[in-house]
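Please read it alongside the sequence and the model.

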Amino acid sequence: MPTFSTSPGTRDILAPESGRWRSFQQLFADVVEPAGYSHIIPPMFEDLGVFLRVGETTEIVTKEMYDFEDKGGRRVALRPEQTASVCRAFVEHRPVTPWKVWYGGPNFRYEKPQQGRYRQFDQVGIEVLGADDPQLDAEVIALAMQFYSRLGLQKVELSINSLGDSGDRDRYAAALRTHFSSNLDALSAESKATLERNPLRVLDSKRPEDAALIAAAPKMADHLSAEAAAHFGQVQDALRSSGVEFVVNDRLVRGLDYYRRTTFEFVSTALAAAHTAIGGGGRYDGLVAELGGPETPGIGFALGLDRTLLACDAEGVFAPPASRVEVFVVDITGGAQATAICTALRAAGIGSDRAYEGRRMKAQMKVADRSGARLAVIIGDDELTANTAIIRTMEGGSQQTVQRDDLVASVRRALGR
Ligand code: HAM
């Protein structure tokens, strides 16, 4: 028989890690919903055209898209991210602005799998459509930082930049092209290819041979329009007055083409270099219009769940949630008592589990240990005859004998409920 394992870049998330994933999303909702963000669940695949708006020159579009023709002859793609989907949803539903939404769930990119880089990876994120107020940029960034600190992370660094308006960006791209083209010989082969597609992305090169040329490259700050520069200044003031620490990194270009004005990235200094970016975002004021809607400003971020949890491991924070099995019922009279007791406990809202197939006491206690339960309820022949049960604390092993009729109430007391 053939056997199967997961495809490259995908993983099964097993307990207790899976519980942590759920708590992660819940904690994110707890941070952003009270700030006015409502939940949106976009589909996992859509018309490929939606995602092409991420940028014709980006790696996401040129190399990484999971696109295919469905049985109805439609060209669709698994979503590589959710910002474009949210903008498509905005155009489709025309909600009242500002429209503040959050999302969480898997995305798909055909990347080279490695630690912290997967082909199916989860993100949580927020998007706000319909306001270009720089105060909003600061709110969005501050919410991400608040979420990181709710997780317990301390080694998160925020970099911000402004890519200006589309005209600024184009002028800057032209200036970069001139700069790099006149020094082509000094550029790595990879960066030469990148230069063809998108001069801004050359700034992302980590190759030592490119470092000098990048350091000498023109600066975005010198190509910003007066409006974009003023906007960026106000964002920085607002961040300062909210107590959010940041550095301005004018080499921060990000991997998606739709960004205008404010862009930002969160890096965990607790992680190895290959996957330190645990989140990022920015303004994408032209995207809704590119998807056929009215000119509408937009801003948001997405945080990589997989990587952020690696950062949590590296900092020793955000432990998996405790087991929800509170009581383990050990029945050494055959198993029918365990069925009855578990049913009664569960009906009373007390998490309970048991062993099967009439195992011996010792084997059942081993399973009880693994279950994470705080109490064991033990029924042997003596207890069955006397219509009693033993309640034992798993830690410490102190025990008491109680009347079977009072078992649920006694367990509740022993749990301190
Ligand atoms: P992004 O920078 O492509 O932005 O992804 C955001 C985060 O998702 C990254 O910082 C990283 O933590 C995580 N991530 C990306 N690719 C992978 C992967 N292959 N494996 C594991 N984690 C990954 C966006 O997706 C934009 N939609 C963010 C945004 C929202 N901009 C405005 N609004």
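## Basis of the model

A residue is near a molecule if one of its heavy atoms lies within 4 Å of it. The model is predicted, and local features need pLDDT of at least 70, side-chain atom pairs count only at pLDDT 80 or more, and totals for chains, interfaces and linings use all residues. Residues are numbered from 1 along each chain as its sequence is written, and side-chain values use heavy atoms, with hydrogens and water left out.

## The ligand shell

Among the 27 residues around the ligand, those that come nearest are Glu-81, Thr-83, Glu-111, Tyr-118 and Tyr-259. By class, the shell holds 11 nonpolar, nine polar and seven charged residues, where Ala, Val, Leu, Ile, Met, Phe, Trp, Tyr, Cys and Pro count as nonpolar, Asp, Glu, Lys and Arg as charged, and the others, Gly among them, as polar.

At least two shell residues come from each of β6 (120-129), β10 (277-283) and β11 (298-304), strands being DSSP runs (E, at least two residues) and helices likewise (H or I, at least four), numbered from the N terminus. The most is given by β10, with six residues.

A polar side-chain atom of Thr-83 lies 2.8 Å from a ligand nitrogen atom, while a backbone N or O atom of Ala-277 lies 2.9 Å from a ligand oxygen atom.

## Thr-58

Thr-58 sits in the loop between α2 (48-52) and α3 (59-64), and because its relative accessibility is 4%, it counts as buried (under 20% relative accessible area, 1.4 Å probe, protein chains only).

Definitions and conventions
A polar contact is a pair of N or O atoms within 3.5 Å; within protein, one must be able to donate a hydrogen and the other to accept it, and residues adjacent in sequence count only if both atoms are side-chain atoms. Buried means under 20% relative accessible area, exposed over 50%, partly exposed in between (1.4 Å probe, protein chains only).
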